[in-house]
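Notebook open, viewer running. I want to look up a few things here and jot them down as I go.

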Amino acid sequence: MRIDVISIFPDYLAPLDLSLVGKARAAGILSLNVHDLRDWTTDRHRTVDDTPFGGGAGMVMRPDVWGTALDDVLQDGAHLLVPTPSGEPLTQRRAEELAREQQIVIACGRYEGIDSRVAEHYSQRPGVRVSEFSLGDYVLNGGEVAALVLVEAVARLLPGVVGNPQSLVEESHGAAGLLEYPVYTKPPQWQGHEVPEVLLSGHHARIERWRRDQALQRTGARRPDLVAALDPATLDRHDLAV
Ligand code: ADE
């Protein structure tokens, strides 16, 4: 997969050299290219923004600069992603869909955002899809942190990036649609806190049942919206008793 990130702060994306994403790049599983938007400016001041038509606070990023950058970077079949607090929420299902793309281009806005004609223009271009996405209901200073989040969420789903693919199945927001159960390791006693006895029993069926009960209880307490979205056909009679 190829991912291109365009930003006026390319240094913000430096952590993408580290850890699993860095290894995926080194292994050739992921080709990741970070670009400085100002490389596409033509004036002496390398201007990327201007005042908003209609008035109001702040600055808006110019469509002409973004247009020349995106014309250079977008390949046929690309998915252009624009992080913005007014986008659709980023979910694990969305990350799974994006992990099947050939090229993702992330356009990181700053200030009051990117002139709306940019998304409109590229969504009309044959062979390009455009999505605006949000990390959550809060406002960041720009799209760079959202780009980091998106790249990590997608890259770890690419075949060969996470060592044990089973860990992708069991984690929170995995196939079961539940938050993950609590996990424990050695020592069995710490600061007066014990590991739940069932986990030391070696009884696999009981452990599975306990983990599922914990996941259901946790999800019910923290994310009732996820419980409401569960397919009733996937619930057994023990689940319904939790
Ligand atoms: N840019 C600013 N705030 C954002 C958010 N919540 N999600 C994605 N991009 C953003």
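Into which domains is the protein chain divided? I got two entries for this predicted model: domain 1 covers 2–155 and domain 2 covers 170–241. I then checked their C-alpha centres, and those of domain 1 and domain 2 lie 37 Å apart.

**Ligand shell**

I listed what sits around the ligand: Pro 83, Thr 84, Pro 85, Ser 134, Leu 135, Gly 136, Tyr 138, Val 139, Leu 140, Gly 143 and Ala 146. Sorted by class, the shell has seven nonpolar residues, four polar ones and no charged ones. I also asked which element gives the most to this shell, and it is strand 5 (residues 79–89), with three residues.

**Annotated binding site**

The unreviewed UniProt entry puts "binding site" at Gly 109, Leu 135, Gly 136, Asp 137, Tyr 138, Val 139 and Leu 140.

Gly 109 is in the loop between strand 6 (103–107) and helix 4 (117–123). Is Gly 109 buried or exposed? I note it as buried, because 26 other C-beta atoms lie within 10 Å and the cut-off is 20 or more. Leaving out residues up to four places away in sequence, Gly 109 touches Met 61, Val 82, Thr 84, Ile 114, Gly 142 and Gly 143. From that contact list, Thr 84 and Gly 143 also turn up around the ligand.

Asp 137 is in another loop, the one between strand 7 (129–134) and helix 5 (144–155). Asp 137 has 7 C-beta neighbours inside 10 Å, so I put it down as exposed; 12 or fewer is the limit for that.

**Nonpolar core**

Last stop, the core. The largest nonpolar core has 42 residues, and Ile 106, Ala 107, Ala 147 and Val 151 have the most contacts inside it. Several elements supply at least two residues each to this core, including strand 1 (2–7), helix 1 (19–26), helix 2 (63–73) and strand 5. Helix 5 gives the most, with seven residues. Pro 83 was already in my notes as one of the residues around the ligand.

Terms used
Residues are numbered from 1 along each chain as its sequence is written. This is a predicted model: local features need pLDDT of at least 70, side-chain atom pairs count only at pLDDT 80 or more; totals for chains, interfaces and linings use all residues. A residue is near a molecule or strand if its C-beta atom, placed from the backbone, lies within 6 Å of it. Helices (H or I, at least four residues) and strands (E, at least two) are DSSP runs, numbered from the N terminus. Ala, Val, Leu, Ile, Met, Phe, Trp, Tyr, Cys and Pro count as nonpolar, Asp, Glu, Lys and Arg as charged, and the others, Gly among them, as polar. UniProt positions are given in the numbering used here, feature names are shortened, and annotations may be inferred rather than shown by experiment. Two residues are in contact if their C-beta atoms, placed from the backbone, lie within 7 Å. A nonpolar core is a set of buried Ala, Val, Leu, Ile, Met, Phe, Trp, Tyr and Cys residues joined through C-beta atoms within 7 Å. Domain bounds come from an automatic or database domain assignment.
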